Amino acid sequence: MIRTNLGRVVFFILIWALQVLLFRYMTLGWEGTVYAQVFIYPLFILSLPIRMRPEFVMLLGLILGLSIDFVYLSPGVHAGALVALAFFRRYLLNFIEPRNGYAVNDLPVLSDQGMGFIATYYALGLILHCFWYFVFDMFTFQSFIELWIKTIFSAGFSWFFLLIIQFLFFYRR
């Protein structure tokens, strides 16, 4: 689905629509504090071709983040977290690179890389994204324990949904 530019545009719109219309309302919390939110929009950045230029990935992250911020009425929180994820993406891909390296046209999706790679890649990517999201959202390190609780819970729930999406859209039998 995302091997062509048209497919990427359709995937961008689909991910944006799912996030703002459905997953926006999936939260977990108690006593007035939200401890977990589901973020599926990082999947767009995480699924871009491995060899794509980092500057272009960060630009796409900014565009997607600002479009989500517009709907959420949050001043740059999603955009900042997504640009941070886009920046660290190449280091993350280098860190978990397979022993044989990546093929020229590889995508970091289930059909190309396998379940072990995808589970690790998404877990680390979501932890990065959620950490920066909550740093920008809270705008302080004073509640460091709360920051990490929100990061781990949100990354865990989001990871579960991203794996389901991988099996639905990117798994070839």
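I looked up Arg 24 first. In this predicted model, Arg 24 lies over the face of Tyr 72, at 4.8 Å from the ring centre.

I checked the helix length.

Which residues of H3 are buried? I listed Val 57, Leu 60, Gly 61, Leu 64, Gly 65, Ile 68, Asp 69 and Tyr 72. They cover an arc of only 170° around the axis, so they sit on the same side of H3. The spacing fits the general rule. An α-helix has 3.6 residues a turn, so residues three or four places apart point the same way.

What covers the buried residues of H3? I found helix H1 (5-21), helix H2 (42-46) and helix H4 (77-95) among the elements that do.

I then looked just past the helix. Leu 73 follows H3, and its phi is positive, near 60°.

Next I turned to aromatic rings. My search of the whole structure gave 18 aromatic pairs. I took Phe 131 and Trp 132 as one example. Their ring centres are 5.4 Å apart. Their planes stand at 80°, over the 60 degrees needed, so I logged the pair as edge-to-face.

Are these two buried or partly exposed? Phe 131 is buried, because its relative accessible area of 14% is under 20%. Trp 132, with 25%, is partly exposed.

I also noted the cluster they belong to. Phe 131, Trp 132, Phe 136, Phe 144 and Trp 148 form one aromatic cluster.

Definitions and conventions: Residues numbered from 1 in each chain as written. Predicted model: local features only at pLDDT ≥ 70, side-chain atom pairs only at ≥ 80, totals over all residues. Heavy atoms only, no water. Buried < 20%, exposed > 50% of the residue type's maximum accessible area, 1.4 Å probe, protein only. Helix = DSSP H or I, 4+ residues; strand = E, 2+ residues; numbered from the N terminus. Arc of directions from axis to C-beta. Contact = heavy atoms within 4.5 Å. Phe/Tyr/Trp six-rings, centres within 6.5 Å; stacked < 30°, edge-to-face > 60°. Lys NZ or Arg CZ within 6 Å of the ring centre and 35° of its normal.
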